[in-house]
Amino acid sequence: MKNSVFHPAASRFFADHGWLQSAQTFSFHGNYDPQRIQFGALRVLNDDTVNGGQGFGRHPHDNMEIISIPLQGTLEHQDSIGNVAVINPGEIQAMSAGTGVYHTEFNKNKNEPVTFLQIWLYPNELNVQPRYDQIDYSKGDKRNKFLQILSPNTDDEGVAIHQNAWFHLAEIDAGVETEYSLKDKDNGIYTFLISGKLEVNGQLLEARDGYGIWPDTGASFKAVEDSFVLVMEVPERK
């Protein structure tokens, strides 16, 4: 296994469906590269912008952990297990598809686009009961520190999924250095820089770049500019 992989923003796949502009870090639907299928259990990392009032109609999923993180605008979610929800920036949604679920995701606002990260992880257990979780993390302190927004545990901070994975967000001021320590020494770290410019273990990242590493204990972060970063700790796919 390679110890690191760098995915510059411009190397992502791009799909233009008129109502949807999608920048895809890994192979997705008709965009395929056998060298870019996944990073461990992280299978999909799409940076989607949906026009006002448009969205993904009713469609099925099974045995996948599906996470949405709005960055701008408002999403409206409905699913076949009875959930109807609105998700805003500062919130995260997680759906465990398990034995099977149908859902829709639409831009709630008819006049403004919504931009959000659509992330899929392989689960560590198949055919679980589908479930939905959503939290507001907007009041959590992520200034020059990592705020946990996802974990494997229902009694821990953030939404819970069926995978030995943790997600954190941080807003790091220019010039500040900080460390991320692994929760599980067998996991890897995939960093997606939402905005700004920073170094991860000496690798320079610009906005929308991705960088995956399999460290021994963790990783060091140094912001070159004020930066907003998503850190996804995930296991190798079993």
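Author: Begin with pockets. On a 1 Å grid over the protein atoms alone, a pocket is an open set of points where a 1.4 Å probe fits, with protein on both sides within 12 Å along at least five of seven lines; a lining residue has an atom within 4 Å of a point. This is a predicted model, in which local features need pLDDT of at least 70 and side-chain atom pairs count only at pLDDT 80 or more, while totals for chains, interfaces and linings use all residues. Residues are numbered from 1 along each chain as its sequence is written, and side-chain values use heavy atoms, with hydrogens and water left out.

Reader: How many residues line the second largest pocket, and which lie nearest its centre?

Author: The lining of the second largest pocket has 23 residues, and Leu20, Phe28, His29, Phe56 and Gln118 are nearest the centre. Strands here are DSSP runs of E, at least two residues long, and are numbered from the N terminus. Those giving two or more residues to this lining are β3 (20-24), β4, β5, β6, β10 and β11.

Reader: What classes of residue are in the lining of the second largest pocket?

Author: Ala, Val, Leu, Ile, Met, Phe, Trp, Tyr, Cys and Pro count as nonpolar, Asp, Glu, Lys and Arg as charged, and the others, Gly among them, as polar. The lining of the second largest pocket holds 13 polar, eight nonpolar and two charged residues.

Reader: How many salt bridges does a search of the whole structure find?

Author: Side chains of opposite charge can pair when their charged atoms come close. A salt bridge is counted when a side-chain nitrogen of Lys or Arg is within 4 Å of a carboxyl oxygen of Asp or Glu. The search of the whole structure finds six. One of them joins Arg208 and Asp47, at 2.7 Å from N to O. This pair links distant parts of the chain, 161 residues apart: Arg208 is in the loop between β19 (203-206) and β20 (210-213), and Asp47 is in strand β4 (residues 42-50).

Reader: Is Asp47 buried or exposed?

Author: Buried means under 20% relative accessible area, exposed over 50%, and partly exposed in between, with a 1.4 Å probe and protein chains only. Asp47 has 9% relative accessibility, so Asp47 counts as buried. In another salt bridge, Lys108 meets Glu76 at 3.4 Å, N to O. Lys108 lies in the loop between β10 (101-107) and β11 (114-121), and Glu76 lies in strand β7 (residues 75-79), 32 residues apart. Lys108 is partly exposed at 43%, and Glu76 is partly exposed at 23%. Salt bridges that share partners also join Arg12, Asp47 and Arg208 into one network.

Reader: Which residues have the most contacts inside the largest nonpolar core?

Author: A nonpolar core is a set of buried Ala, Val, Leu, Ile, Met, Phe, Trp, Tyr and Cys residues joined through side-chain atoms within 4.5 Å. The largest core has 28 residues, and Ile119, Phe167, Leu230 and Met232 have the most contacts inside it. Elements giving two or more residues to this core include β9 (91-96), β17 (188-195) and β22 (227-234). The largest share, four residues, comes from β22.
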